[in-house]
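Please read them with the model on screen.

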Amino acid sequence: MNIDICFNALFDNELKRLDLLSIKPNLKCCNLKIAVYRNHSFEMIASVLNSFLTFSELSADFIYSSYDDSLNFQNIDADLNLIWLDVTRYKLEDISSFVNERALALRELSNSPIIFICIGNNLEVKLFDNIPDCYLFSLNDELERIGDSAYDLAKEPYSGTRLSNKASLRCARVIGLQYIPAIFKPNIKAVVLDLDNTLYRGILGEDGISALEPNIELQKAVKQLHQNGIFLCIASKNEEADVVELFKQRTDFALRIDDFTAIRVNWNSKYDNIKSLADELNIGCDAMLFIDDNPAEIENTRGLGLKTILANDPNRTVQTLKYFPGLLKLKKSKEDNIRDKDIRANKERSIMANTLSPKEYFKKLGIKLHFSINDLNQIVRCSELLGKTNQFILNYKRYSELDLINIIKNKGCLITAAMSDNLSDSGIIAVLVLSKDSKESVLNLNELTVSCRALGRHLESIMIPFMFKLGMNKLNSIDKIRINYRQGERNIPALNWLKEFSQKETEQYGNIICSIPNEIVTEGISIEVSDNG
C-alpha cells in the first residue's frame with residue numbers, strides 16, 4: 001500500500017475496516033506474543049490491531065483466555081499481558097481494590113508488562129504505585145467522542161461485546177498506535193515545528209504579524225507535549241528578529257517563545273537545521289518528530305531518519321498528533337520537569353568547558369554528584385533511561401522495572417548518579433547494573449547508560465569509575481570488572497569511552513576485563529553516597 005494511503009487509513013477521523021485490513025506487517029516488524037484476559041470480546045479489535053502496530057514496526061499474535069469476570073490467570077509465556085475489561089459488568093463498590101488484587105496475582109505468574117484497558121468505568125479505577133510494569137488505561141474519552149454510535153447492543157449476543165464496529169476500530173487505533181508502542185518502543189524526545197502555515201495560517205515575511213491566524217488547537221497540543229517533558233524546537237525559514245517580535249506581540253498565541261528549547265530561524269536547509277538541533281539537544285534524529293506544511297521539506301529531511309507529519313490541514317494535524325506513536329508517556333518522573341532548563345544551561349556549560357581546565361570548570365559550576373545504591377524509589381526513572389535510544393549505552397539490555405527489582409533481590413547492584421550544579425538540577429543522569437561472578441569474584445557490568453543531557457561535561461571519566469568502585473565495595477568483589485558491550489546503531493560515544501578506559505579495541509560485541517582504579521581524582525566535585533541496602 002502507498003505510504004500516504006496507509007497514513008490516511010491509520011489517522012483518518014472515519015476509519016474503514018477494509019482499508020486497515022489491506023495494511024500488512026513489514027519484514028522489520030518485531031512480533032509480540034500477547035496474552036489477552038477478558039470479560040468481553042477482544043477479537044474485533046485484534047483483527048485490525050496489527051495494521052496499527054506495523055506503523056511502529058511491531059506485530060502481534062494473541063493467546064485468549066475464556067470470558068471470565070473473575071479474571072483467573074494462567075501461566076502463559078507472553079511478551080505482554082493485556083486485560084480487557086467492560087467495567088459495567090461488575091457491581092463492586094470498590095473496583096480499584098479488585099483490579100489491584102488481580103494485578104498482583106498476575107504479577108506473581110508473569111514478569112512481562114501488564115496493561116488493563118477499561119471501558120464503561122464511571123467510577124475512577126486506580127492502580128497502586130507498587131506494582132512494577134503495570135499500567136491502566138480507560139477508553140471512555142475516546143468512546144464519548146462518537147456518542148451513541150459507540151455501542152451496538154443488538155449485536156452483543158453474537159459479537160460478545162457492547163462495542164460497535166466503529167468503536168472497535170477507534171479502540172484498536174489507540175491501543176495499537178499509543179498504548180503498546182509506549183511499552184515496547186522509545187519515546188520521541190523532541191518535536192520540531194515549522195512556523196508559516198503550520199503554527200499559524202499565513203506567511204510572516206509577506207503578511208505581517210497582525211494578519212497571521214493562529215492554529216490554536218495545534219499550539220495547545222504541542223504545548224501539552226512540552227509540559228509532559230518533550231522538547232519543542234523551531235526550524236523556520238524566516239528572519240529571527242521577526243520571529244522573536246511575532247511571539248512578543250501575539251499574546252493570543254498559546255505558545256510563547258520560551259516554550260521552545262532550541263530555535264533555528266535562518267535560510268539554511270531544514271535538513272541542516274534539524275541536524276544542528278539534534279546536536280544541540282544531544283539526541284539522535286530518530287528521536288525527533290518534524291511537523292511542516294511543505295511536502296518538499298518533509299521529503300528532503302527523510303534521510304535523517306526522523307518521524308514526520310505533513311501539516312497540510314490544521315485539524316488533521318491535531319488528529320494525527322493525538323495518536324502518533326512515541327508521544328504517550330506511561331509514567332512521569334522528576335526529570336520531565338527539569339529537562340528543558342538543563343538543556344538550555346548546556347550552552348553556558350559548553351562555553352565554560354572550552355575556556356577552563358576541568359578542575360576550574362567543576363569548581364566554577366559547583367558540580368554535585370549524588371550516588372545511590374539499590375534505591376527502589378528510583379526504579380521508574382532507571383527503567384525509563386535504560387529504555388531510550390541513547391548514544392551512551394553499552395549493552396542494550398532494556399531492563400524493565402520488574403527486571404531491576406529482581407536484580408536487587410538477587411544480590412545484584414543498581415547504582416545511579418544524579419547531578420546538579422549552579423545552573424540547573426539534572427536529576428538522575430547515569431545508571432549502572434552490576435552483578436558478581438561467583439567463581440572469579442570479578443564484577444560483571446551488565447549495563448551502563450548515561451543521559452544524553454550529561455554528555456560533554458567531562459564527567460564520564462570520573463563518574464563511571466567511581467560507580468565501579470562503589471559496586472566493588474557493595475558486592476565485595478576484587479578490583480576487576482568485566483564490561484559487557486554490544487555495538488548498536490548509535491552508541492559510538494559509549495564504545496569510544498570504553499576504548500579509552502580499557503585501552504583496548506572493541507568488536508561487534510563481547511566483553512573486556514579492566515582494572516578498577518584505586519584512586520579517582522574528584523577535586524572540585526561535591527560527592528554524596530546513599531546506600532539503600
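1. Domain bounds here come from an automatic or database domain assignment. On that basis, the lining of the second largest pocket takes at least three residues from each of domain 1 (8-184) and domain 2 (190-323). A pocket is an open set of points on a 1 Å grid over the protein atoms alone, with protein on both sides within 12 Å along at least five of seven lines; lining residues have an atom within 4 Å of a point.

2. This is a predicted model; local features need pLDDT of at least 70, side-chain atom pairs count only at pLDDT 80 or more, and totals for chains, interfaces and linings use all residues. Numbering runs from 1 along each chain as its sequence is written, and side-chain values use heavy atoms, without hydrogens and water.

3. The second largest pocket holds about 940 Å³, a volume being the space filled by probe spheres set on the points, which are joined across faces, edges and corners. Its lining has 32 residues; Phe-137, Gln-178, Tyr-179, Leu-328 and Lys-329 are the closest to the centre. Strand E5 (134-138) is among the contributing elements and gives the largest share, 5 residues. Strands (E, at least two residues) and helices (H or I, at least four) are DSSP runs, numbered from the N terminus.

4. A cavity is a set of points where a 1.4 Å probe fits but cannot get out. The largest cavity has a volume of about 200 Å³. Helix H16 (residues 379-386) gives the most to its lining, 3 residues.
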